[in-house]
Amino acid sequence: MNKDHTLLWLGAACVLYSSTAISAGGYIEAREAYNTASDKHELALRAGYGFENGAGIMYTNAYSTQRWDEFKTSYNEMEGWYPIYKPSPELTLQLGGIINSSKDGSGGAAYGDVNYKFTPDFNVTARYRYNHKNHDTINLLGDNDKNDVHQFIMYWNYRINESWSYTFEPDYYIVVNDYHQKNGRDNSWELNNKLTWNYTPHWKPYIELSWLDRWIDYSKEQYRIRLGVRYYF
């Protein structure tokens with residue numbers, strides 16, 4: 001592990017986010033993201049609603065602000081999820097889906113979750129997600145194809161106390177067809193560390209530190225810092 005990774009993990013010990021479970025009711029959210037290798041920013045505005053049974057829906061508008069000198073739509077996304085099986089208070093199986101669009105075209109994803117609550121303060125979710133693009137791009141062989149991706153995710157959610165909660169989220173990506181990820185391989189990792197401050201029952205500020213693997217376009221590791229706040233009605 002190099003010096004940059006060591007600094008990231010030390011920072012992660014001080015960092016971010018509430019559990020993936022959404023409180024019942026509506027909410028709005030705003031967050032700013034900064035990527036270190038590309039030196040670019042992104043603003044996201046989000047609104048959602050969580051139901052008492054654990055189902056929910058969420059809409060996101062994201063805008064690329066580059067180096068604070070532009071303001072262009074990055075992507076739009078609608079996501080919904082529903083718990084399909086709950087054999088015990090500790091175990092929940094859930095299905096979800098996403099549709100999205102960007103300047104490059106449209107796409108979507110489908111995913112399945114298994115969540116287990118070990119204690120009232122600690123639970124883990126394992127997710128498989130299939131990401132699909134409706135448009136063709138040129139692959140490594142020079143042919144038109146769909147750059148679809150398998151995504152394997154885990155959420156380790158821990159409520160530290162009444163004021164703070166933490167999530168560690170490792171993501172592993174595998175391309176389906178003849179493409180490479182930004183690290184020049186057919187697979188890549190993403191490590192996210194999130195800490196949320198439960199300031200009040202309504203206001204939930206958070207910070208997130210992430211490692212997005214090596215990006216060959218910049219010949220360096222890509223790190224991401226997110227700062228945001230969610231307001232529950």
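Glutamate 208 and arginine 226 form a salt bridge, with their closest N and O atoms 3.5 Å apart. A salt bridge here is a side-chain nitrogen of Lys or Arg within 4 Å of a carboxyl oxygen of Asp or Glu. Glutamate 208 sits in strand E13 and arginine 226 in strand E14, so the pair ties together parts that are 18 residues apart in sequence. Strands (E, at least two residues) and helices (H or I, at least four) are DSSP runs, numbered from the N terminus. Both glutamate 208 and arginine 226 are buried. Buried means under 20% relative accessible area, exposed means over 50%, and partly exposed lies in between (1.4 Å probe, protein chains only).

This is a predicted model, in which local features need pLDDT of at least 70, side-chain atom pairs count only at pLDDT 80 or more, and totals for chains, interfaces and linings use all residues. Residues are numbered from 1 along each chain as its sequence is written, and side-chain values use heavy atoms, with hydrogens and water left out.

Now to the overall fold. Twelve strands close into a barrel, in the order E1-E2-E3-E4-E5-E6-E7-E10-E11-E12-E13-E14, and their pairing is antiparallel. Neighbouring strands of this sheet are turned by 20° against each other on average, direction ignored. Axes are lines fitted to C-alpha atoms, for helices over the stretch in contact, and angles run from 0 to 180 degrees between N-to-C directions. Two strands pair if DSSP finds at least two bridges between them. Strands of a sheet pair through backbone hydrogen bonds, either parallel or antiparallel.

Follow part of the barrel strand by strand. E7 pairs with strand E10 (residues 149-159) in the antiparallel sense, over ten bridges. Valine 124 stands opposite tryptophan 156 in E10. E10 in turn pairs with strand E11 (residues 164-175), again antiparallel, over nine bridges. Here tryptophan 156 stands opposite phenylalanine 168 in E11. A hairpin of four residues joins E10 to E11. Next, E11 and strand E12 (residues 187-197) run antiparallel and are joined by eleven bridges. Threonine 167 stands opposite lysine 194 in E12.

Back to the charged side chains. The structure holds 16 salt bridges. Glutamate 190 forms one of them with arginine 224, the closest N and O atoms being 3.2 Å apart. Glutamate 190 lies in strand E12 and arginine 224 in strand E14 (residues 220-232), so this pair ties together parts that are 34 residues apart in sequence. Glutamate 190 counts as buried because its relative accessible area is 14%. Arginine 224 is buried too, at 11%. A network of salt bridges links Glu169, Glu190, Lys194, Glu208, Arg224 and Arg226.

Another salt bridge joins the side chains of aspartate 113 and arginine 127, at 2.6 Å from N to O. Aspartate 113 lies in strand E6 (residues 105-119) and arginine 127 in strand E7, so the pair ties together parts that are 14 residues apart in sequence. Aspartate 113 is buried, with a relative accessible area of 6%. Arginine 127 is buried at 13%. Arginine 127 also lies over the face of tyrosine 111, 3.9 Å from the ring centre. For such a placement, NZ of Lys or CZ of Arg must be within 6 Å of the ring centre and within 35 degrees of the ring normal.

Glutamine 94 touches this region. Leaving aside neighbours within four places in sequence, its contacts include Tyr111 and Asp113. Contact means heavy atoms within 4.5 Å. Glutamine 94 lies in strand E5 (residues 91-102) and is buried, at 14% relative accessibility.

The aromatic rings come next. The structure holds 13 aromatic pairs. Rings of Phe, Tyr and Trp (its six-membered ring) pair if their centres lie within 6.5 Å; planes under 30 degrees apart count as stacked, over 60 as edge-to-face and the rest as tilted. Tyrosine 63 and phenylalanine 71 have ring centres 4.9 Å apart and planes at 15°, so the pair is stacked. Tyrosine 63 is buried at 17%, whereas phenylalanine 71 is exposed at 55%. Tyr116, Phe118, Phe122 and Trp156 form one aromatic cluster.

Last, two backbone details. Most residues other than glycine have a negative phi. Aspartate 213, in strand E13 (residues 203-215), has a positive phi near 70°. Aspartate 39 has a positive phi near 55° and sits in the loop between strands E1 (25-35) and E2 (40-50). Aspartate 213 is buried at 5%, while aspartate 39 is partly exposed at 32%.
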